[in-house]
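My entries follow in the order in which I looked things up.

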Amino acid sequence: MSETADTVVLRTRELRKTYGSQAALVRAVDGIELDVASGETVAVMGPSGCGKSTLLHLLGGLDRPTGGEIWLAGRRVDRMSEKALARMRRDAVGFVFQAFHLMDELTAVENVELPALLDGRPPRAARRRAAGLLERVGLADRAGFLPAALSGGQRQRVAIARALANEPLVVLADEPTGNLDSAATVEVLRLFEDLHVAGQTLVIVTHDSRIAATADRMISMRDGAFIDETRLTGGTSGNLAGLAGLEG
Amino acid sequence: MGKVLLICRLAARDLRRRPAQACLLLLVIMAATATLTLGLALRGVASQPYERTRAATNGPDVVATIGTSGQQLSAQVRALLGTPGVTGHGGPYPVASAVVRAGSRTAVAVAEGRDPVPAPVDQPALTQGRWVRPGGVVIERAFADALGVSAGDRITLNGRPFSVAGIAVTAASPPYPDFCEAGCYFSVGNAPGAVTNPPSGLGLIWLTQADARALATGPLAYVLNLTLANPAGAQALATRYDNARAHTDKPVLTSWQDLRAADAFMAQDAQRILMAGSWVLGVLAVATVAVLVAGRMAERTRRVGLLKAVGGTPGLVAAVLLAENLVLALAAAGAGLGAGWLAAPLLTSPGAGLAGTPGAPSLTLPDAGLVVAVALAVALAATLVPAIRAARTSTVSALADAARAPRRRAWVTAASAWLPVPLLLGTRLAARRPRRAALGAASIAVTVTGIVAVLAYHAHAGQQSDAGSGGLPNPLLGHDQQILFVVTAVLGALAGLNAIVTAWATVLDARHSSALARALGATPQQVSAGISVAQVLPALPGAVAGIPLGIGLFAVASSDGG
Amino acid sequence: MQQEVVLALLAKEPSHGYQLRARLRQALGPLGDAMNAGQVYVTLTRLEKAGLVTSEPSPGLPDRPDRKVYELTPTGQQRVTDWLAEVGWPGPAPAEFHLKLVAAASARLADPLTIVDVQRRELFRRLRDAQRAAMDEPDGSDAGLLLEGLVLRLQADLRWLEACERHWTGRKEPR
């Protein structure tokens, strides 16, 4: 994979999130320093309870940090008002959740055009773009279906299309394949690969190594802090046949 | 543009998904708005027919009742006619008292002697039959209804037989039974003098002057109708005359404004009942809607989190929550306006004494606007707090689908451990949602308040009708009771709806805990009893509080005028 | 190249050497490409020596291994049948790696955690490559299935390595 461009899309400094009071203080996120370049895919792995989901929520403006700074495309996020955060979530960030979180009473295409409508786009343009995105994720024939009529993998793909609705700077995915079986996981994997090739910046939190293997960088997290970083790009690993037991 | 479309779409879809709840909300608010509409419609009822009657009969601006005769009479009449501003007159007409007997009914009436020729001022308008002739009398319409006679029947006055030549209405005095409401001059075999306690239920009959004089058992009184150049000054004139009176044998002047007020007074009772009723219903409606809205909060929270995660501002989120309920409130306002408008004619019969056909009562645009505003206010009051709270919840916790977790109350848990199982379950269930328990208590309190006020009214009215009008049915009283019945019925219906809504919300909230209790060994009967207890417990203090509140409400409502 | 595999490929009908190779490559996909070309012929020669196959030169073609026609003998047939009925499976966990860690820790030759990390990194890279290869295969291809198996095994190995990391971290920080 080629080296990524040198504009930094997402940056954190000394990011902190704590809960509770003195006796029962929980450091969910403890001094995180992160730089994500444009077009890069970063995977954050760790055991459950290590704070990776909290980190993602902070990055996406869904939660407020207790300390530290978050910079998104040059703007400071941690100090924004609720309204400005909402705007940011519309324009700059696309979120993909483990539980999909689609609106049950809207069809697939209506779900995908939701962020565009929130942004004030004219309904027709929003609908066109939504239909195009659904085609991109391979669900053009399911545009008029309700989420209840879609499989888990299809729902997650709709959610990914929704995250792309307003051409976000970065897509944040929280355990995107957590609720999916292996076949659906492959569908989502393919999508993430396509997005990566198209130059989309991705930050994925996962405990599934398959998803992590699609990233350029893989960061291990434990107890709220980064403990290790692996660069996965550059060179192949060598002989696949040997792995399959075909030698000798 | 896109945002408005989004809000509409979400609201429409949500309404379609839960039609039963939408209907409940609609019915609840409709009950309050319909009652309010009735009250407002009735406000306009009495004054309009009075204007019409006045125009149709060429009603007087001032009515002078004179208790002297002979020379003094002429002098006073001359003085009155000479007052500056007086442009025309009718009379003076002799007035005698008479005991009327029609069939089995007996009443006391004032008999006014008139000419067969139409008078220039105050010529009563006939609704049946013909004008007076020798031996033929014309009876005022409300009085005729109470007596149960119509044109062509035979009655006796002071023992003499007469036939009923016709039925008519007039603007010169209030209709039966409030004839003396604007002040009158009455004598039955006594020396003439102003009466301090006229018996209620005095009727009005017209006959020829000769018949009137023949009927008189004591001295006659006289009635003089005047028109003024400036009708608006009638009240001032009457007051001046009143202040200048040194002796009681000077004329008593009544202005047309006082007469109109007396007419309106009749409808006042009914209107007061309806307004008080509307308040009670309004409060009950707010409580019911609040419980309805709170019951669906858990599901709403997740949707709120989702909207915020996708980029909705807190304002938009609140708008989505409010939009549905406001739309329903508007629909309920419309339905209530329609229902009230259709029902109002059924309740406007005490215009009987006035030349008003029981047609469409007047509903001005400001009235309609008020009803709509009230409906919106009810929906807003009930939805505002949950909407604001939802908009301010952190997005993350909203997505995690935590319905607002019930707060732990250690003392309740500890105390209820001593109670038998159903009470234990019920107490803990009720303590999980103190706000809903409070709303339940308030609803019961309001309902009991209404019921107690109604009972107090009945007791009071019973006393009143005993001090009665010689056994004739008092049309006013019957009419008021009719209205009260309607209000009570609506209150009962709304209270029923409230009970259903509260029960539904309780069961919904208790699903998880009751299933858990069953899994741990409680019997289904214990669980059902527990859920019932959870609702009854808050109702008890509410019912107790409602009794003094109801008495207070009745006192306040009837204190403006009795 | 497992002998039984080549035998099984001959079970359908006698084939030329190059036909066998083609069938293998079709079944293995990109893994087959990386295979040593000569492997097949070496195996065939061994099988012939063991009496499980016979070979005949094709008429009118030079006497080269890829042009010979190979055929199963009855013994070879039997061998195939037996092989198909076997239920053996490759070993569950890399005992060698495990012993590596234990030895390093006890003799203080190296930090076990470092060994684990290095291995993890390597496996991740392999996982990435296998995954890419799997996704390049058309849906439903036989080779795709093989690659899927590879990916899942690597995933399982990575999970074991995570467990190793937790275990050896705990060893390091006695509570």
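Before turning to the helix pairs I wrote down the convention for handedness: a crossing is left-handed if the near helix is turned anticlockwise from the far one by less than a right angle, and right-handed if clockwise. I also noted at the outset that this is a predicted model.

**Helix pairs, chain B**

With that convention in hand I looked up helix 10 (residues 314-343) and helix 11 (residues 365-392) of chain B, whose axes come within 8 Å and cross at roughly 155°. Because angles over 145 degrees count as roughly antiparallel, helix 10 of chain B is roughly antiparallel to helix 11 of chain B. The crossing of helix 10 and helix 11 of chain B is right-handed, and I found their contact to be made up, by class, of 23 nonpolar, three polar and one charged residues.

**Helix pairs, chain C**

I then went to helix 2 (residues 17-28) and helix 4 (residues 37-49) of chain C, which pack with their axes 10 Å apart and at an angle of about 120°. That angle makes helix 2 of chain C oblique to helix 4 of chain C, and I recorded the crossing of the two as right-handed. On the side of helix 2 of chain C the residues are C:Gly17, C:Leu20, C:Arg21 and C:Leu24, and they meet C:Val40, C:Tyr41 and C:Leu44 of helix 4 of chain C. Sorted by class, this contact has five nonpolar, one polar and one charged residues.

**The sheet in chain A**

Next I traced an open sheet of four strands in chain A, in the order 2-1-4-5, with antiparallel pairing. Strand 2 (26-37) and strand 5 (75-76) of chain A each have a single partner strand and stand at the edges, so one side of each is left without a neighbour in the sheet. I counted nine bridges in the antiparallel pairing of strand 1 (residues 8-19) with strand 2 of chain A, and within that pair I found A:Lys17 opposite A:Val29 of strand 2 of chain A. Helix 1 (residues 52-59) of chain A packs on this sheet, where it touches strand 1, strand 2 and strand 4 (67-72) of chain A, and its direction makes about 60° with that of strand 2 of chain A.

**Chain A against chain B**

I looked up the contact between the two chains and found 24 residues of chain A in contact with 22 residues of chain B. On the chain A side, the elements that give two or more residues are helix 2 (82-91), helix 3 (108-118) and helix 4 (123-136) of chain A, and helix 2 of chain A gives the most, with six residues. The chain A side divides into 13 nonpolar, three polar and eight charged residues.

**Backbone checks**

Most residues other than glycine have a negative phi, and most peptide bonds are trans, which is why I kept the following entries. A:Glu14, in strand 1 of chain A, has a positive phi near 55°, and A:Glu14 counts as exposed because 12 C-beta neighbours lie inside 10 Å. A:Glu167 has a positive phi near 50° and sits in the loop between helix 5 (152-163) and strand 7 (170-174) of chain A; with 11 other C-beta atoms within 10 Å, A:Glu167 is exposed. Lastly I noted a cis peptide bond between B:Gly91 and B:Pro92, with omega about 10°, and placed B:Pro92 in strand 2 (residues 86-102) of chain B.

Notes
Residues are numbered from 1 along each chain as its sequence is written. Chains are lettered from A and ligands numbered from 1 in the order in which they are written. This is a predicted model: local features need pLDDT of at least 70, side-chain atom pairs count only at pLDDT 80 or more; totals for chains, interfaces and linings use all residues. Two strands pair if DSSP finds at least two bridges between them. Two residues are in contact if their C-beta atoms, placed from the backbone, lie within 7 Å. Axes are lines fitted to C-alpha atoms, for helices over the stretch in contact, and angles run from 0 to 180 degrees between N-to-C directions. Ala, Val, Leu, Ile, Met, Phe, Trp, Tyr, Cys and Pro count as nonpolar, Asp, Glu, Lys and Arg as charged, and the others, Gly among them, as polar. Angles under 35 degrees count as roughly parallel, over 145 as roughly antiparallel, 65 to 115 as roughly perpendicular and the rest as oblique. A residue is buried if 20 or more other C-beta atoms lie within 10 Å of its own, exposed if 12 or fewer, and partly exposed in between; C-beta atoms are placed from the backbone.
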